[in-house]
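Please open the model in a viewer and keep the sequence panel at hand.

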Amino acid sequence: MKPAVVIPVLDEAAELPALLDHLAQLRGEWEVIVVDGGSRDASVALARAHPRADVVVEGGGGRAAQLNAGAKASRGDPLVFLHADSRLPAGAHAALAGASPEIAGGNFTLRFAGGDWFSRLLGVVYAAQRRRGYYYGDSTVWVRRATFAALGGFRPLAIMDDYDFVRRLERSGPTVALPGPALTSARRWQAMGIRRTLLSWVLIRWLFIAGVPAERLARMYRRVR
């Protein structure tokens, strides 16, 4: 088994080299696909120069388009969608290989890297949300290639593309949160503050569920790099 790791990037020159170094040291065989969404920094050059990046795709059209392009450019199975500021657990390959063939996909248990009380609290909240059947891309979503094709990939949404995909994945068959933890950055609330971060997350999710168009919601979400 050779999982395909798809990494969407946009102006991630500060994070990408360390992520690729991390993947180079990770146990097991991996296919690594970096998909750039129109970076204005050195992300593409850094990806092309790094020996761990097997394929570098340049495109645009938003994160959903990047993820779909990465899946199309890859050959591995399952597909593992990894953010540039996240890290897989040391046993990720073994966990994926050990997942029952009946499992359609899922994510990894998650820990936030901040080390502060809010990072710890958010880890508890994410675990509770996972038990209720929803999670987000920062917990490293993975999916069988056949299931991804059957679902039609990610829908072209300006925001909440990961949430939308996960809800459809959960309806497609059994899923599992693989052991970890995977690690993701605390940079959002460190840049925006806890109150504004929580407000944007909660408000955007419920407005999306209520049917507010993703294009309108995207204007409420500040991108942090």
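Predicted model: local features only at pLDDT ≥ 70, side-chain atom pairs only at ≥ 80, totals over all residues.

Viewed from the side, helix 5 (residues 117-131) has 15 residues and spans 22 Å from its first C-alpha to its last, close to the expected 21 Å. Just after the helix, Gly133 has a positive phi of about 95 degrees.

**Aromatic pairs**

Now display the aromatic side chains; the whole structure contains 11 aromatic pairs. Select Phe148 and Phe165, a tilted pair with 5.8 Å from centre to centre and 50 degrees between the planes. Phe148 belongs to helix 6 and Phe165 to helix 7, so that the pair links distant parts of the chain, 17 residues apart. Phe148 is buried at a relative accessible area of 9%, and Phe165 is buried at 0%.

Proceed to Tyr163 and Phe208, whose ring centres are 6.1 Å apart with planes at 85 degrees, so the pair is edge-to-face. Since Tyr163 lies in helix 7 and Phe208 in helix 9 (residues 194-209), this pair ties together parts 45 residues apart in sequence. Tyr163 is buried, with a relative accessible area of 6%; Phe208 also counts as buried, at 19%.

**Backbone features**

For the last selections, show the backbone. Most residues other than glycine have a negative phi, and most peptide bonds are trans.

- Asp11 has a positive phi near 55 degrees. Asp11 is in the loop between strand 1 (4-9) and helix 1 (16-25), and is buried at 17% relative accessible area.
- Met160 has a positive phi near 65 degrees. Met160 occupies the loop between helix 6 (145-151) and helix 7 (161-172), and is buried at 8%.
- The peptide bond from Asp77 to Pro78 is cis, with omega near 5 degrees. Pro78 lies in the loop between helix 3 (63-73) and strand 4 (79-81).
- Gly180 and Pro181 are joined by a cis peptide bond with omega about 5 degrees. Pro181 is placed in strand 8 (residues 175-184).

How values were computed. Residues numbered from 1 in each chain as written. Heavy atoms only, no water. Helix = DSSP H or I, 4+ residues; strand = E, 2+ residues; numbered from the N terminus. Buried < 20%, exposed > 50% of the residue type's maximum accessible area, 1.4 Å probe, protein only. Expected span 1.5 Å × (residues − 1). Phe/Tyr/Trp six-rings, centres within 6.5 Å; stacked < 30°, edge-to-face > 60°.
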